[in-house]
Amino acid sequence: MELSEGVHRVLEPLVAASHRVVRGLEDADVPARLRAIRAKSARRLPPPLAKALLAALDELDWLRAKVLEEGK
């Protein structure tokens with residue numbers, strides 16, 4: 001999945017909210033594929049990690065639900 005800079009800007013609030021959710025998970029609740037994302041403390045995730053997080057959102061129902069809860 002290749003994201004243009006414009007698409008990345010549009011999705012940035014979703015990526016930021018998702019990153020906050022992943023960073024707030026207990027260690028035991030973080031799947032291996034999200035550990036590098038969770039470890040990143042940068043305000044904005046680098047594009048490869050942002051893409052991985054968006055892919056995880058697409059595939060993981062529980063993660064989507066937690067991000068939606070965060071947005072309420």
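Helices here are DSSP runs of H or I with at least four residues, strands are runs of E with at least two, and both are numbered from the N terminus. E12 is buried, with a relative accessible area of 18%. The word buried stands for under 20% relative accessible area, exposed for over 50%, and partly exposed for what lies in between (1.4 Å probe, protein chains only).

Before going on, a word about what you are looking at. This is a predicted model, in which local features need pLDDT of at least 70 and side-chain atom pairs count only at pLDDT 80 or more, while totals for chains, interfaces and linings use all residues. Residues are numbered from 1 along each chain as its sequence is written, and side-chain values use heavy atoms, with hydrogens and water left out.

Where pLDDT is low, the predicted coordinates should not be read in detail.

Now step back to the whole chain. It has four helices and zero strands, so the pattern along the sequence reads α-α-α-α. Along its principal axes, the C-alpha trace spans about 35 × 25 × 20 Å. What radius of gyration would a compact globule of 72 residues have? It would be near 11 Å, and the chain agrees, with 11 Å. This radius is taken over C-alpha atoms, and the globule rule is 2.2 Å times the number of residues to the power 0.38.

Buried residues make up 33% of the 72 residues. The chain exposes about 4,800 Å², and carbon and sulfur atoms supply 55% of that area. Such areas come from the Shrake-Rupley method with a 1.4 Å probe, and for residues only the protein chains shown count as cover.

Inside, you can look for a nonpolar core, a set of buried Ala, Val, Leu, Ile, Met, Phe, Trp, Tyr and Cys residues joined through side-chain atoms within 4.5 Å. The largest one has 18 residues, of which L34, I37, L45, L53 and L63 touch the most other members. Helices α1, α3 and α4 (61-70) each give two or more residues to this core. Helix α3 gives the most, with six residues.

How does the chain meet itself? A contact means heavy atoms within 4.5 Å. Among contacts between residues at least 6 apart in sequence, 57% join residues at least 24 apart.

Back to E12, then. Leaving aside residues up to four places away in sequence, E12 touches R43 and R44. R43 has its place in the loop between α2 and α3 (47-59). Is R43 buried or exposed? R43 is exposed, because its relative accessible area is 84%. R43 and H19 are 24 residues apart in sequence, and their C-alpha atoms are 9.4 Å apart in space.

A search of the whole structure finds five of them. In one of these, the side chains of R44 and E12 meet at 3.7 Å, N to O. Because R44 lies in the loop between α2 and α3 and E12 in helix α1, the pair ties together parts that are 32 residues apart in sequence. R44 counts as partly exposed, at 41% relative accessibility.

Another salt bridge joins E70 and R20, with the closest N and O atoms 2.8 Å apart. E70 lies in helix α4 and R20 in helix α1, so this pair ties together parts that are 50 residues apart in sequence. Their C-alpha atoms are 8.7 Å apart in space. E70 counts as partly exposed at 37% relative accessibility, and R20 counts as partly exposed at 48%.

A further salt bridge, between R64 and D61, has its closest N and O atoms 2.1 Å apart. These residues are separated by about one helical turn, because they are three residues apart in helix α4. R64 is partly exposed, with a relative accessible area of 31%, whereas D61 is exposed, at 54%.

Terms used
A salt bridge is a side-chain nitrogen of Lys or Arg within 4 Å of a carboxyl oxygen of Asp or Glu.
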